[in-house]
Amino acid sequence: MIKTFRANGKLLLSGEYFVLDGAKALAVPTQKGQTLEVSALDENYLLWQSWTVDGTLWFECQLNATDLKILVASDQDVADRLVLMLQNAKMQNPAFLLKNGLKISTYLEFARDWGLGSSSTLICLIAKWAKVDAFQILFHSMRGSGYDIACGMTDTPIFYEINGQTPTVEVVSFFPQFAENLYFVHLGKKQNSREGIARYRAKAAQNEVSINEISAISKEILISKDLQVFNDLLLRHEEIISKIIELPRAKTLYFPDFHYGEIKSLGAWGGDFVLVSSDIGFEKTKEYFQSKNYRTCIPYHKMILSMK
């Protein structure tokens with residue numbers, strides 16, 4: 001018998017960096033995520049295999065289920081992080097993984113360099129399998145605000161806030177009238193979120209004024225009905241983050257001649273996806289980015305799991 005679990009990917013539309021210090025952030029689950037399958041194995045160990053969206057085996061290891069000792073691994077760092085997650089799940093639920101002889105397979109539905117949450121979806125999958133708190137696995141094995149965990153476990157857009165290690169998730173409706181003007185473009189520069197967080201911490205102490213302003217922008221984005229108002233909000237958000245972390249905007253760096261709307265970085269600045277607001281339609285927008293060798297341009301409604 002095969003047990004199957006699934007978790008959603010994530011995108012943070014507002015509140016990057018400042019969400020760590022309590023700002024209200026607007027986040028959305030994505031249509032693509034990750035699945036995990038558990039089946040019996042005629043061996044005395046756990047066999048873990050992770051597959052990419054194109055069917056390539058990118059990670060494999062063998063673990064002793066009793067003590068989670070790594071017997072063999074194709075990547076030691078990945079194996080160490082996996083064991084930390086499993087150890088925390090086992091601490092929360094001592095009945096989890098009481099026997100050897102299991103095969104665990106994970107399947108990504110998006111490219112690993114897309115930044116949609118290969119780690120966060122894995123945490124959610126382990127939590128669902130072990131019947132434990134996914135946030136506790138995150139807080140004890142990795143760094144981060146946890147908004148990605150909330151997206152992995154929720155099928156609608158959310159407002160996310162965290163106070164210490166206490167998350168607050170508010171389900172919201174985000175279906176802007178101008179959704180057909182929104183796109184996600186992949187920059188092809190995979191960013192390490194841990195490095196982005198470290199830079200933010202090094203550049204800025206907690207700034208109550210900025211936290212409040214980012215929270216206010218998140219609320220205004222949710223209720224905005226006019227594309228130009230939405231663009232102005234994105235620009236204000238970008239300017240605040242740029243000033244704090246002392247990095248130029250993606251639009252300034254790569255698309256200074258994009259005069260058809262606004263471009264906002266998502267997540268750790270400098271890579272992964274940007275949110276594009278454009279008033280020239282999908283085909284012309286796609287042509288603009290393809291002319292600059294950015295091939296992945298996805299309409300908003302094809303990326304987001306639910307907007308209603």
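Biologist: I would like to learn to read this structure with you. Is phenylalanine 258 buried or exposed?

Modeller: Let us start there, keeping in mind that this is a predicted model. A residue counts as buried when its relative accessible area is under 20%. Phenylalanine 258 has a relative accessibility of 1%, so phenylalanine 258 counts as buried.

Biologist: Where in the chain does phenylalanine 258 sit?

Modeller: Look in the loop that joins helix 8 (250–254) to strand 10 (261–265); phenylalanine 258 is there.

Biologist: Which residues is phenylalanine 258 in contact with?

Modeller: When reading contacts, set aside the neighbours within four places in sequence. For phenylalanine 258, that leaves Lys251, Ile263, Val276, Ser277, Ser278, Tyr288 and Phe289.

Biologist: How many residues apart in sequence are phenylalanine 258 and cysteine 61, and what is the distance in space?

Modeller: They are 197 residues apart in sequence, and 46 Å apart in space from C-alpha to C-alpha.

Biologist: Where is threonine 156 found, and what does it touch?

Modeller: Threonine 156 lies in the loop between helix 4 (147–153) and strand 7 (158–163). Beyond residues up to four places away in sequence, threonine 156 touches Pro29, Val171, Val172 and Ser306.

Biologist: Now to cores. What is the general idea?

Modeller: In soluble globular proteins, nonpolar side chains tend to be buried together.

Biologist: Which residues touch the most other members of the largest nonpolar core here?

Modeller: The largest nonpolar core has 48 residues, and Trp48, Leu82, Leu86, Ile126 and Trp129 touch the most other members. Helix 2 (residues 118–130) gives the most to this core, namely eight residues. Take leucine 82 as a case: leaving out residues up to four places away in sequence, leucine 82 touches Trp48, Phe59, Cys61, Leu63, Leu122 and Ile126. There is also a second, separate core of 41 residues, and among its members are Trp114, Phe174, Ile217 and Ile240.

Biologist: Next, helix pairs. At what angle do helix 1 and helix 2 cross?

Modeller: To read a pair, look at the angle, the distance between the axes, the handedness and then the contacting residues. Helix 1 and helix 2 cross at roughly 30 degrees, and their axes come within 10 Å. Angles under 35 degrees count as roughly parallel, and helix 1 and helix 2 are therefore roughly parallel to each other. Their crossing is right-handed. The contact brings together Leu82, Met85, Leu86 and Ala89 of helix 1 with Leu122, Ile123, Ile126, Trp129 and Ala130 of helix 2. In this contact of helix 1 with helix 2, nine residues are nonpolar, no residue is polar and none is charged.

Biologist: And what is the angle between helix 1 and helix 3?

Modeller: Helix 1 (residues 76–92) and helix 3 (residues 134–141) pack at about 130 degrees, with their axes 9 Å apart. That angle makes helix 1 oblique to helix 3. Helix 1 passes helix 3 in a right-handed crossing. From helix 1, Leu84, Met85, Asn88, Ala89 and Gln92 meet Gln136, Ile137, His140 and Ser141 of helix 3. The residues of this contact of helix 1 with helix 3 are four nonpolar, five polar and no charged.

Biologist: Which residues in helix 2 and helix 3 meet?

Modeller: Angle and distance come before the residues, as in the other pairs. The axes of helix 2 and helix 3 come within 8 Å and cross at roughly 130 degrees. That makes helix 2 oblique to helix 3. The crossing of helix 2 and helix 3 is right-handed. Ile123, Cys124, Ile126 and Ala127 of helix 2 meet Ala134, Ile137 and Leu138 of helix 3. In the contact of helix 2 with helix 3, seven residues are nonpolar, with no polar and no charged.

Biologist: One last feature: how do I read phi?

Modeller: Most residues other than glycine have a negative phi. Tyrosine 17 has a positive phi, near 70 degrees, and sits in the loop between strand 1 (3–12) and strand 2 (25–40). Its relative accessibility is 9%, so tyrosine 17 counts as buried.

Biologist: What is the phi of leucine 97, and is leucine 97 buried or exposed?

Modeller: Leucine 97 is not a glycine, and its phi is positive at about 55 degrees. Leucine 97 lies in the loop between helix 1 and strand 6 (102–108). With 6% relative accessibility, leucine 97 counts as buried.

Note on methods
Residues are numbered from 1 along each chain as its sequence is written. This is a predicted model: local features need pLDDT of at least 70, side-chain atom pairs count only at pLDDT 80 or more; totals for chains, interfaces and linings use all residues. Side-chain values use heavy atoms; hydrogens and water are left out. Axes are lines fitted to C-alpha atoms, for helices over the stretch in contact, and angles run from 0 to 180 degrees between N-to-C directions. Helices (H or I, at least four residues) and strands (E, at least two) are DSSP runs, numbered from the N terminus. Angles under 35 degrees count as roughly parallel, over 145 as roughly antiparallel, 65 to 115 as roughly perpendicular and the rest as oblique. A crossing is left-handed if the near helix is turned anticlockwise from the far one by less than a right angle, and right-handed if clockwise. Contact means heavy atoms within 4.5 Å. Ala, Val, Leu, Ile, Met, Phe, Trp, Tyr, Cys and Pro count as nonpolar, Asp, Glu, Lys and Arg as charged, and the others, Gly among them, as polar. A nonpolar core is a set of buried Ala, Val, Leu, Ile, Met, Phe, Trp, Tyr and Cys residues joined through side-chain atoms within 4.5 Å. Buried means under 20% relative accessible area, exposed over 50%, partly exposed in between (1.4 Å probe, protein chains only).
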